[in-house]
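Here's a quick briefing to go with the model below. Have a look at the fold first, then we'll turn to the ligand.

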Amino acid sequence: MTGTHFNYYQVCHRKLWLFANGINMEHTSDLVYEGKLIHEMSYPQRSERYEELEIDGIKLDYYDTRNKVIHEIKKSDKVEVAHEWQLKYYIYVLERNGIEGVTGILEYPTLRQTDKVELTNPDRERIREIEEDIGRIIKTENCPAVINAKICKLCSYYEFCYVSE
Ligand code: SF4
């Protein structure tokens with residue numbers, strides 16, 4: 001399971017199902033590249049101080065090892081709750097691998113906004129529940145229904161979900 005699963009779980013179960021079942025409309029590598037570009041333009045000196053870390057299915061682009069802080073860069077704050085859970089999941093995975101005392105910072109350079117993210121006991125409990133729920137959703141045979149939400153217009157699956165020939 002990856003941070004993207006956690007993110008999409010908050011956004012839309014259909015999106016989660018499509019992603020988990022290999023139907024990809026957006027180029028994840030483009031998004032990663034875009035995030036990195038925003039970071040490097042916004043904080044030109046910082047990239048050298050942070051490390052890339054791949055562990056247990058997740059990949060952190062900017063991990064401050066000395067201070068145990070994960071920096072997660074987002075280009076907007078449209079779906080903040082999903083961003084927050086994605087970051088909480090990263091902290092959870094590090095904990096699960098014996099790295100204690102980690103916190104996270106969500107950064108929105110274009111908005112000049114940062115949010116500190118910490119993992120609480122109720123969050124740990126909730127993450128375990130979400131993991132189970134994600135497993136259940138992605139194994140279902142049928143794709144969940146469209147959600148007809150505002151966010152759909154910004155979703156890479158929009159045409160797939162709503163535009164028929
Ligand atoms: S377009 Fe809407 S319904 Fe379809 S996957 Fe995206 S968020 Fe879900």
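**The sheet and its helix**

Five strands make up an open sheet, in the order β1-β2-β3-β4-β5, with mixed pairing. Strands pair here if DSSP finds at least two bridges between them; helices (H or I, at least four residues) and strands (E, at least two) are DSSP runs numbered from the N terminus. This is a predicted model: local features need pLDDT of at least 70, side-chain atom pairs count only at pLDDT 80 or more, and totals for chains, interfaces and linings use all residues. Residues are numbered from 1 along each chain as its sequence is written, and side-chain values use heavy atoms, leaving out hydrogens and water.

- At the edges you'll find β1 (51–55) and β5 (113–117), each pairing on one side only.
- Strand β4 (residues 103–108) runs antiparallel to β5, and 5 bridges join them.
- Ile105 has Lys116 in β5 as its bridge partner.
- Helix α4 (residues 80–96) packs on the sheet and touches β1, β2 (58–64), β3 (69–73), β4 and β5; contact means heavy atoms within 4.5 Å.

**Around the ligand**

- Which residues are around the ligand? They are Cys12, Arg14, Lys15, Val146, Ile147, Cys152, Cys155, Tyr157, Tyr158, Cys161 and Tyr162, where a residue counts if one of its heavy atoms lies within 4 Å.
- The elements giving two or more residues to this shell are α2 (13–20) and α6 (158–162).
- Helix α6 gives the most, with 3 residues.
- By type, the shell has 9 nonpolar residues, no polar ones and 2 charged; Ala, Val, Leu, Ile, Met, Phe, Trp, Tyr, Cys and Pro count as nonpolar, Asp, Glu, Lys and Arg as charged, and the others, Gly among them, as polar.

Note on methods
Axes fitted to C-alpha atoms, helices over the stretch in contact; angles between N-to-C directions.
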